Amino acid sequence: MKKVGLLLIITATALMAGGYKIPETSSNAVALGAANIAHNHENADASYYNPAKMVFMKDTNNLEVNLMYIGLDKVKYDGTVSGTGPYSLESTKENFLIPSLHYVSPKLGDNGARIGVSVVVPGGLSKRWQSAPAKNFAEEFTLEIVEINPTVAFEVTDKLGFAAGFRVIDTKGVVNNAYYDMEGDSTDYGYNLALAYQPTSDLELGVTYRSNINLNVNGNTTRILTVNNGGVDVSVPLPAAFSIAAAYTLPSATTIEVVYEKTFWSAYNSLDFSFEDPTANVVFGDSIEKDWKDTNTFRVGVTQELTDLTIMAGLVIDQTPAPEKTLGFELPDTDTTSVALGGRYRINETFDFGVSALYSMHKNRTVQNDDLDGEFTEGNVILISAGLGYKF
């Protein structure tokens with residue numbers, strides 16, 4: 001029972017650390033699979049993906065609002081649970097609408113400095129299992145993460161831009177299961193840095209870094225087993241991420257961008273809990289090893305410029321950080337391959353409109369650990385985004 005109880009708290013906080021991150025927070029990012037770090041100087045989402053590119057944008061106010069639909073397919077599990085079974089289980093399907101906003105200012109003074117602000121949802125999760133024994137672990141798990149990211153960019157030379165930003169992360173989560181009813185929230189801070197270099201009119205390079213942020217989650221357990229045990233605190237990392245990108249534009253106005261991204265999930269070694277109730281602290285307050293691994297993500301984006309229409313496509317190959325020994329119903333994560341397609345139409349000099357979609361395919365994953373001996377299948381994800389750009 002103690003082990004199960006720890007697992008429930010662990011998965012709640014682990015996912016608050018961004019285990020299900022959402023890299024695509026704009027219509028163009030969805031269309032390109034977030035391969036828009038090096039080649040991005042026409043749209044306001046540059047303020048988030050590479051704010052250093054803001055120095056190369058037209059000298060106007062740039063605003064973009066987006067609405068994205070996320071559809072999570074059901075996850076299936078076939079196998080034993082804690083030595084019982086075998087079972088054939090599946091989670092429920094989930095549907096969400098997520099807004100975002102990006103803004104880039106005109107030039108400020110003679111040095112070409114620009115200010116940007118992005119309000120995005122960089123991660124989140126909802127996972128529900130209606131059948132035992134899966135629902136004993138995760139009858140409901142809902143996670144919301146909102147990021148406010150103001151940035152400032154400076155023109156170092158006419159070919160080099162540098163930017164720095166301040167990240168404010170607000171996290172809220174709910175966990176309901178056989179042993180816990182738990183809510184938690186946190187507001188934490190970090191920073192991001194970016195470089196943009198354009199050695200020629202055809203070649204563009206970009207580098208970005210987002211700092212590790214420790215999410216100091218303060219939660220409230222309205223029920224632990226059959227007792228109200230008050231507060232619980234835990235700190236988990238939202239890991240640092242580093243990206244390097246190169247884009248080349250062909251004479252046909254076709255731009256190909258390649259991005260390598262490393263996410264430093266190894267910061268998530270273990271979790272320690274502090275319960276307000278001393279008895280709960282004795283029963284459930286042990287440290288537990290997670291041992292997540294750094295991951296590599298590869299992104300390729302293709303952009304074709306026409307007269308008033310831009311066509312985009314993307315491919316993403318992503319690794320899971322979760323090792324087999326800690327995999328469970330709350331985070332049945334796998335390696336993924338994603339394909340994307342979209343377009344953007346310039347209505348006039350003031351407005352443009354984009355529509356895009358991305359489909360993420362999860363690999364089947366066999367798991368054999370202390371709790372599970374079976375296979376997770378399905379669980380694919382679809383993103384559909386629409387965005388309106390406004391220049392004034």
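The side chains of Ser338 and Ser360 make a polar contact of 3.1 Å, where a polar contact is a pair of N or O atoms within 3.5 Å; within protein, one must be able to donate a hydrogen and the other to accept it, and residues adjacent in sequence count only if both atoms are side-chain atoms. The model is predicted, so local features need pLDDT of at least 70 and side-chain atom pairs count only at pLDDT 80 or more, while totals for chains, interfaces and linings use all residues. Residues are numbered from 1 along each chain as its sequence is written, and side-chain values use heavy atoms, with hydrogens and water left out.

**Ser338**

- Ser338 belongs to strand S19; helices (H or I, at least four residues) and strands (E, at least two) are DSSP runs, numbered from the N terminus.
- Ser338 counts as buried because its relative accessibility is 6%, and buried means under 20% relative accessible area, exposed over 50%, partly exposed in between (1.4 Å probe, protein chains only).

**The chain as a whole**

- The protein chain has 5 helices and 23 strands.
- Of its 392 residues, 53% are buried.
- Among contacts between residues at least 6 apart in sequence, 68% join residues at least 24 apart.

**The second largest pocket**

- Rolling a probe the size of a water molecule over the atoms shows where empty space is left.
- On a 1 Å grid over the protein atoms alone, a cavity is a set of points where a 1.4 Å probe fits but cannot get out, whereas a pocket is an open set with protein on both sides within 12 Å along at least five of seven lines; lining residues have an atom within 4 Å of a point.
- The second largest pocket has a volume of about 660 Å³, a volume being the space filled by probe spheres set on the points, with grid points joined across faces, edges and corners.
- It is lined by 34 residues, of which Glu42, Asn43, Glu305, Thr310 and Arg346 are the closest to its centre.
- Two or more lining residues come from each of helix H2 (27-32) and strands S13 (254-263), S17 (295-305), S18 (309-318), S19 (336-346) and S20 (351-362).
- The lining has 9 nonpolar, 15 polar and 10 charged residues; Ala, Val, Leu, Ile, Met, Phe, Trp, Tyr, Cys and Pro count as nonpolar, Asp, Glu, Lys and Arg as charged, and the others, Gly among them, as polar.

**Arg346**

- Arg346 lies in strand S19.
- With a relative accessibility of 37%, Arg346 counts as partly exposed.
- The side chains of Arg346 and Asp308 are joined by a polar contact of 2.8 Å.
- Leaving aside neighbours within four places in sequence, Arg346 is in contact with Thr307, Asp308, Phe351 and Asp352.
- From C-alpha to C-alpha, Arg346 and Thr307 are 8.8 Å apart in space, and they are 39 residues apart in sequence.

**Nonpolar cores**

- A nonpolar core is a set of buried Ala, Val, Leu, Ile, Met, Phe, Trp, Tyr and Cys residues joined through side-chain atoms within 4.5 Å.
- The largest nonpolar core has 14 residues, and those touching the most other members are Tyr77, Trp292, Phe329, Val367, Leu372 and Phe376.
- Strands S2 (75-81) and S22 (372-378) each supply at least two residues of this core, and S2 gives the most, with 3 residues.
- A second, separate core has 12 residues, including Val55, Phe56, Met57 and Ala196.

**Pro150**

- Pro150 is in strand S6 (residues 140-155).
- A relative accessible area of 32% makes Pro150 partly exposed.
- Pro150 touches Gly116, Val117, Ala164, Gly165 and Phe166, not counting residues up to four places away in sequence.
- Pro150 and Gly165 are 15 residues apart in sequence, and their C-alpha atoms are 5.6 Å apart in space.

**Backbone details**

- Gly85 and Pro86 are joined by a cis peptide bond, with omega about 15°; Pro86 is in strand S3 (residues 84-90).
- Ser82 has a phi near 50°, a positive value in a residue other than glycine.
- Ser82 sits in the loop between S2 and S3 and is partly exposed, with a relative accessible area of 43%.
- Ala34, also a residue other than glycine, has a positive phi near 65°.
- Ala34 is in the loop between H2 and helix H3 (46-49) and is buried, with a relative accessible area of 5%.

Notes: Contact = heavy atoms within 4.5 Å.
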